Amino acid sequence: MELKLNREVSLAEAEELILAIGSTNTVHLRGQPGIGKTAMAARIANRTGFRLVYIDTPTTDVCDLGVPMPNHETKTTALYPNDHWRLHTGEPLVIFIDEFSKPSSQAVQNMLHPLIHERRFSGFEQHRDTIVVTAGNNTTDGVGDNLKDHTITRLTIVDVANPTAEQYIEYGAAKGYAPELLAFVRNYPHCLASYKDASQKENMYIFNPRNPGRSCFTPRTGEKASNILNKREVLSAAGFDRNALVAALCGTIGEAAGRDLAAYAEVADSIPLWEAVIANPSGCKIPTSPAALCIMAYGAVMKINRTNISAWFTYLKRCPKELQSVFCFTAAANKEKREILMTSAAFIQWMRENSFLY
């Protein structure tokens, strides 16, 4: 029997690997479109304190990187690097070369070889702590990625997995994604599945190179759908009816996911107002729909503060245990809300009463 080892890493694992070896090895992040590879660049720059240099390879020409300038005294030329990239300063940098496997020309990729291998650009040595990262898609994704052998030997290629539903929800809750979207992902985790999994052949939510030219659900398009949902009140006031909402969602995440997410948005309309819950936590109506309860839990994570958390727990304890667990585990994973939660007497009491859940 053939044993297949999982060679894909999570985005979090890839980030830690880059921080550990990125100054000596150029890690090439390889994964499906829209799963969050590019977003990692800003996080690495924030964690190191280094300035971020972003190079979009498909839109970069050789002359964008630098131009040869003549020295009339020596009758020679020297490359003057583009000031935009700041590769001549000698300061430590995080250099993120996006879509490296889709260069505008082979000359651009070749010109970047010394940077990814020797930490040198033309005659300018980079700071010894400078981190260089490249990114691209799988060749099987059918979006034009290709690396030649002499380029591959300069890289540490790391295959990045699609995020799990739990990882995406934790990230989305911290970023303020619409609770309807987070509830949808929780109940439809296969929207983040990979086409490379044979069992997902008929999955109409996801990116699949066998069905090119159509919108689909990815972490990136999910964020765009969240933007639409977070503006529902504004759009409604402007006369944006349900048909237009469905059209916008389908045009962002695909027909199947768009219609299902629109249904979740309709369920959200049956949820009591947050102000009503906090004003009357002992008597305010509790939704009966599991989807509505899930949406309510994710919405509460974004709305709790030191003033209203006690009232919220009074209401929460009247809800099913599953909803209580969803809220508490999600809030505990949110850096911004964790301190509020952990210093709340209401939460500490809830933990004592529900220790069996941990």
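## A tour of the predicted model

Select I131, which sits in strand β9 (residues 131–136). Helices (H or I, at least four residues) and strands (E, at least two) are DSSP runs, numbered from the N terminus. This is a predicted model, in which local features need pLDDT of at least 70 and side-chain atom pairs count only at pLDDT 80 or more, while totals for chains, interfaces and linings use all residues. Residues are numbered from 1 along each chain as its sequence is written, and side-chain values use heavy atoms, with hydrogens and water left out.

**Stop 1: around I131**

I131 has a relative accessible area of 5%, so it is buried. Buried means under 20% relative accessible area, exposed over 50%, and partly exposed in between (1.4 Å probe, protein chains only). Now show the residues around I131. Not counting residues up to four places away in sequence, I131 touches I18, G22, S23, I44, T48, L93, V94 and I95; a contact means heavy atoms within 4.5 Å.

**Stop 2: the whole chain**

Colour by secondary structure to find 17 helices and ten strands. The chain has 358 residues, and 45% of them count as buried. Among contacts in the chain with a separation of 6 or more, 71% are between residues 24 or more positions apart.

**Stop 3: the largest pocket**

Select L11, E15, A39, R43 and Y171. Of the 33 residues that line the largest pocket, these lie nearest its centre. The pocket holds about 1100 Å³ of space. Pockets and cavities are found on a 1 Å grid over the protein atoms alone: a cavity is a set of points where a 1.4 Å probe fits but cannot get out, a pocket is an open set with protein on both sides within 12 Å along at least five of seven lines, and lining residues have an atom within 4 Å of a point. Grid points are joined across faces, edges and corners, and a volume is the space filled by probe spheres set on the points.

Next, highlight α1 (11–21), α2 (40–48), α6 (165–175), α8 (219–230) and α16 (335–342), each of which supplies at least two residues of this lining. The most comes from α6, with six residues. By class, the lining of the largest pocket has twelve nonpolar, eight polar and 13 charged residues. Here Ala, Val, Leu, Ile, Met, Phe, Trp, Tyr, Cys and Pro count as nonpolar, Asp, Glu, Lys and Arg as charged, and the others, Gly among them, as polar.

**Stop 4: two loop residues**

Go to S10, in the loop between β1 (8–9) and α1. S10 is buried, because its relative accessible area is 16%. Apart from neighbours within four places in sequence, S10 is in contact with V160 and Q167.

Then select A178, in the loop between α6 and α7. Its relative accessible area is 0%, so A178 is buried. Leaving aside neighbours within four places in sequence, A178 is in contact with S226, L229 and N230. A333 is 155 residues from A178 along the chain, and their C-alpha atoms are separated by 17 Å.

**Stop 5: the second largest pocket**

Which residues lie nearest the centre of the second largest pocket? Select E180, R232, E233, A268 and D269, which are part of a lining of 28 residues. Two or more lining residues come from each of α7 (179–187), α8, α9 (232–237), α10 (242–253), α11 (255–268), α12 (274–279) and α13 (290–303). The largest share, six residues, is from α13. This pocket has about 800 Å³ of space, and its lining divides into 16 nonpolar, three polar and nine charged residues.

**Stop 6: the cavity**

The structure holds one cavity of 30 Å³ or more. Select Q32, N162, F217, T218 and P219, which lie nearest the centre of the largest cavity among its 13 lining residues. The volume of the largest cavity is about 70 Å³. Its lining has ten nonpolar, three polar and no charged residues.

**Stop 7: a helix pair**

Finally, show α14 (residues 309–316) and α15 (residues 321–332). Their axes come within 10 Å and cross at roughly 150 degrees, so α14 is roughly antiparallel to α15. Axes are lines fitted to C-alpha atoms, for helices over the stretch in contact, and angles run from 0 to 180 degrees between N-to-C directions. Angles under 35 degrees count as roughly parallel, over 145 as roughly antiparallel, 65 to 115 as roughly perpendicular and the rest as oblique. Show the side chains of W312, F313 and L316 in α14, which meet L323, Q324, F327 and C328 in α15. The residues of this contact are six nonpolar, one polar and no charged.
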